[in-house]
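User: Please take a close look at one helix pair and explain its geometry. Then set it beside the other packing sites and the pocket.

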Amino acid sequence: MAERTSDARVVRVAPQTRAPYACRVDIEGAGSYLLDAVTVHRLGLEAGAVLDAQALATVREAATRHEARAVAMRLLARRLRSRVELERVLRRRGIAPEVVRTVSLALRRDGWLDDERFARAWVRDRLALRPCGPRRLRADLVARGVAPDIAGRVITTLLPSSMEDDLAARQAQARLDRMNRLPPDIARRRLVAWLLRRGFGGETIARVLRRLTPAGPVNRDDDSAA
């Protein structure tokens, strides 16, 4: 009696019209797998090719990576993300950690995933839509997985100290206009607390107060929260 073999045969390799660089590989008794064309060529996958158990496992692993990369590319097409953000989403979708690491490394190598580019875009959008100070910007970027040195470098470039004072002054004036019925000392204290929460430092706040409110030293309690 002939010994049974676990080898599988490739039935068809079909390029995908909706994904020009992908191919569907149909394997008899093992199902269909989507792979990029380069991997198909590298693995020698063509109609009639016979795959042993190890080769079939390699195909399955490559298909898993291809699917994970496709998910990652769709996410990046919607908006830029930090490396940590993207990896978190991929893991939440049930993709194995080792596959996530492999895909993340490849995307960084190919230039699709770049924390500094993400940080620049994020800071520009934040300053345009919801302006805040450098401390808040830095904290939010770090929370999104951007390294502190990258966050600091990007913020210093896009929000130098001269621009920070003007930004804080505009924000403070708009806030003061809402508090015009309050006694000056109460309005001033509330303004300091609000600017601190918006991420501006004590020295910046002191300069803004001198520009916009009656003369007087910044309360030490207010400044100490910076």
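Why are helix 8 and helix 9 oblique to each other?

Analyst: A caveat before the geometry: this is a predicted model. Start with the angle. Helix 8 covers residues 161-178 and helix 9 covers residues 184-197. They pack at an angle of about 135°. Their axes are 10 Å apart. Now the cut-offs: roughly parallel is under 35 degrees, roughly antiparallel is over 145, roughly perpendicular is 65 to 115, and the rest is oblique. Helix 8 and helix 9 are therefore oblique to each other.

The handedness comes next. Helix 8 crosses helix 9 in a right-handed sense. On the helix 8 side, the contact uses Ala-168, Gln-171, Ala-172, Arg-175 and Leu-176. Helix 9 answers with Ala-187, Leu-191, Trp-194 and Leu-195. By class, this contact of helix 8 with helix 9 holds 7 nonpolar, 1 polar and 1 charged residues.

Next, another pair. Helix 5 (residues 115-129) packs on helix 6 (residues 134-143) at an angle of about 135°, with axes 11 Å apart. That makes helix 5 oblique to helix 6. The crossing of helix 5 with helix 6 is right-handed. Helix 5 brings Phe-118, Ala-119, Trp-122, Val-123, Arg-126 and Leu-127 to the contact. Helix 6 brings Arg-136, Leu-137, Asp-140 and Leu-141. The contact of helix 5 with helix 6 splits into 7 nonpolar, no polar and 3 charged residues.

Then helix 3 and helix 4. Helix 3 (residues 83-92) packs on helix 4 at an angle of about 145°, and their axes are 10 Å apart. Helix 3 and helix 4 have a right-handed crossing. From helix 3 come Arg-83, Leu-86, Glu-87, Leu-90 and Arg-91. They meet Val-100, Ser-104, Leu-107 and Arg-108 of helix 4. The class count for helix 3 with helix 4 is 4 nonpolar, 1 polar and 4 charged.

The largest pocket has a volume of about 770 Å³. Its lining has 27 residues. Nearest the centre are Asp-36, Arg-65, His-66, Glu-67 and Arg-69. Elements giving two or more residues to this lining are strand 3 (31-36), helix 1 (37-42), helix 2 (53-78) and helix 4 (97-109). Helix 2 supplies the largest share, 10 residues. By class, the lining of the largest pocket has 13 nonpolar, 5 polar and 9 charged residues.

Methods. Residues numbered from 1 in each chain as written. Predicted model: local features only at pLDDT ≥ 70, side-chain atom pairs only at ≥ 80, totals over all residues. Heavy atoms only, no water. Axes fitted to C-alpha atoms, helices over the stretch in contact; angles between N-to-C directions. Helix = DSSP H or I, 4+ residues; strand = E, 2+ residues; numbered from the N terminus. Left-handed = near helix turned anticlockwise from the far one by under 90°. Contact = heavy atoms within 4.5 Å. Nonpolar A, V, L, I, M, F, W, Y, C, P; charged D, E, K, R; others polar. 1 Å grid on protein atoms, 1.4 Å probe; cavity = no way out; pocket = protein on both sides within 12 Å on 5 of 7 lines; lining within 4 Å. Points joined across faces, edges and corners; volume = space filled by probe spheres on them.
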